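Here's a quick tour for anyone meeting this structure for the first time. Have a look at it below, then read on.

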Amino acid sequence: MREATQPSHLPVMFAQVLDGLRVLGNGRYLDGTFGRGGHARGVLDRLGPDGRLLVMDKDPEAIATAHALFGADARVAVYRGSFADLGHWDETAAGLDGVLLDLGVSSPQLDVAERGFSFAKDGPLDMRMDPESGESAANWLARADEREIADVLWTYGEEKLSRKIARTIVARRDDTPLLRTAQLAELISSVVGRGDSKIHPATRSFQAIRIFINRELEDLERGLAAAHDRLKPGGRLAVISFHSLEDRIVKQFIARHAKAPPGNRRMPVEVAFTPSLRDVSGAMRAESSETAVNPRARSAVLRVAEKLGGVPHMDVQMSRAQDAQERP
């Protein structure tokens, strides 16, 4: 590796990701969640002079890092925006040999209190991955009604006390606006209590609000579809998830394009299916040696799929449907 591209630490499941992408020296790869460039560095180090690395991120600080690290490398192109919009970037139109999505909040975002992601560090209650776009968590909590807040906490955080937390937020916010992460964490802790749980009582609620504010699950669904469209036959999709909501979407997406749907006795029309993805890995987890030094890796799940050649699957073969209708 070149000195200029040495990461200060290895990102989650570094070796498994690079093996899963199966980087070709002259290939074209997209890292849709650049962060601080750990995985991107690994891809770039495997590319030859004719290779191409495309990097994306919502976070302006991540984009600044990408320009600082790779701005002088003609093989690299940088785009500020969500991976959900990767299909709108002209650089992807030629097709991709690999797409990487490392989901959720990055370690640098968690480590900087001013970004407002962490209940362990007091800072402004923001939580936006792009702090120059959209509504902050503080502004949303100030205007949302009790039912909307409860629905978000339950849907995206599976918080069992979502209604009680929402009720408490609405009751207190007029007298004391929620502007700091420490305020919100303390309020949630007062409702949930510590108990015997090893995780902080605000963990699920902070996760839920962050996912909602950044439209993370919606972006994931759009990004997976866009990646599928842009991958060349033989190209690889690698996705790292950190909680069950994300992983379920990824798992179902791969299965939907890799396996024929189950038969339905109520539908006599024959359904034709041509798989467009191959499930390469199933669910992979970090090795114990990695989780011992990086606790964040404990919840990581990596899934890898390969784009197949041929036409996309068809839901219904029209000629056979017509034949079925004409039979006595």
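## The chain as a whole

First things first: this is a predicted model. The protein chain is built with 13 helices and eight strands.

How much of the chain is buried? Of the 328 residues in the protein chain, buried ones make up 49%. The accessible surface comes to about 16,700 Å², and carbon and sulfur atoms account for 49% of that surface. As for how the chain folds back on itself, take the contacts between residues at least 6 apart in sequence: 68% of them join residues at least 24 apart.

## Helix α6 meets α7

Now zoom in on helix α6, residues 146-157, and helix α7, residues 162-173. The two pack at an angle of about 140 degrees, and their axes are 8 Å apart. An angle over 145 would count as roughly antiparallel, so α6 and α7 are oblique to each other instead. Their crossing is right-handed.

Who does the touching? On the α6 side, the contact is made by E146, I149, A150, L153 and W154, while α7 brings S162, R163, I165, A166, R167, I169, V170 and R173. Sort the residues of this α6 and α7 contact by type and you get eight nonpolar, one polar and four charged.

## Helix α6 meets α9

Helix α6 also packs against helix α9, which covers residues 203-213. Here the angle is about 100 degrees, with the axes 8 Å apart. Angles from 65 to 115 degrees count as roughly perpendicular, and that's why α6 and α9 are described as roughly perpendicular to each other.

From α6, the contact uses E148, V152, L153, Y156 and G157; from α9, it uses R204, S205, Q207, A208, I209, I211 and F212. The residues in this α6 and α9 contact divide into seven nonpolar, three polar and two charged. Keep an eye on L153 of α6: it is listed in the contact with α9 and in the contact with α7.

## A look at R303

Let's finish with a single residue. R303 is found in strand β8, which runs over residues 301-307. Is R303 buried or exposed? Its relative accessible area is 9%, so R303 is buried, given that buried means under 20%.

Which residues does R303 touch? Leaving aside those up to four places away in sequence, R303 touches L237, A238, V239, D247, V250, K251, I254, S281, G282 and A283. Take V239 from that list: R303 and V239 are 64 residues apart in sequence, yet their C-alpha atoms are 5.5 Å apart in space.

Terms used: Residues are numbered from 1 along each chain as its sequence is written. This is a predicted model: local features need pLDDT of at least 70, side-chain atom pairs count only at pLDDT 80 or more; totals for chains, interfaces and linings use all residues. Side-chain values use heavy atoms; hydrogens and water are left out. Axes are lines fitted to C-alpha atoms, for helices over the stretch in contact, and angles run from 0 to 180 degrees between N-to-C directions. Helices (H or I, at least four residues) and strands (E, at least two) are DSSP runs, numbered from the N terminus. Angles under 35 degrees count as roughly parallel, over 145 as roughly antiparallel, 65 to 115 as roughly perpendicular and the rest as oblique. Contact means heavy atoms within 4.5 Å. Ala, Val, Leu, Ile, Met, Phe, Trp, Tyr, Cys and Pro count as nonpolar, Asp, Glu, Lys and Arg as charged, and the others, Gly among them, as polar. A crossing is left-handed if the near helix is turned anticlockwise from the far one by less than a right angle, and right-handed if clockwise. Buried means under 20% relative accessible area, exposed over 50%, partly exposed in between (1.4 Å probe, protein chains only). Accessible areas come from the Shrake-Rupley method with a 1.4 Å probe; for residues, only the protein chains shown count as cover.
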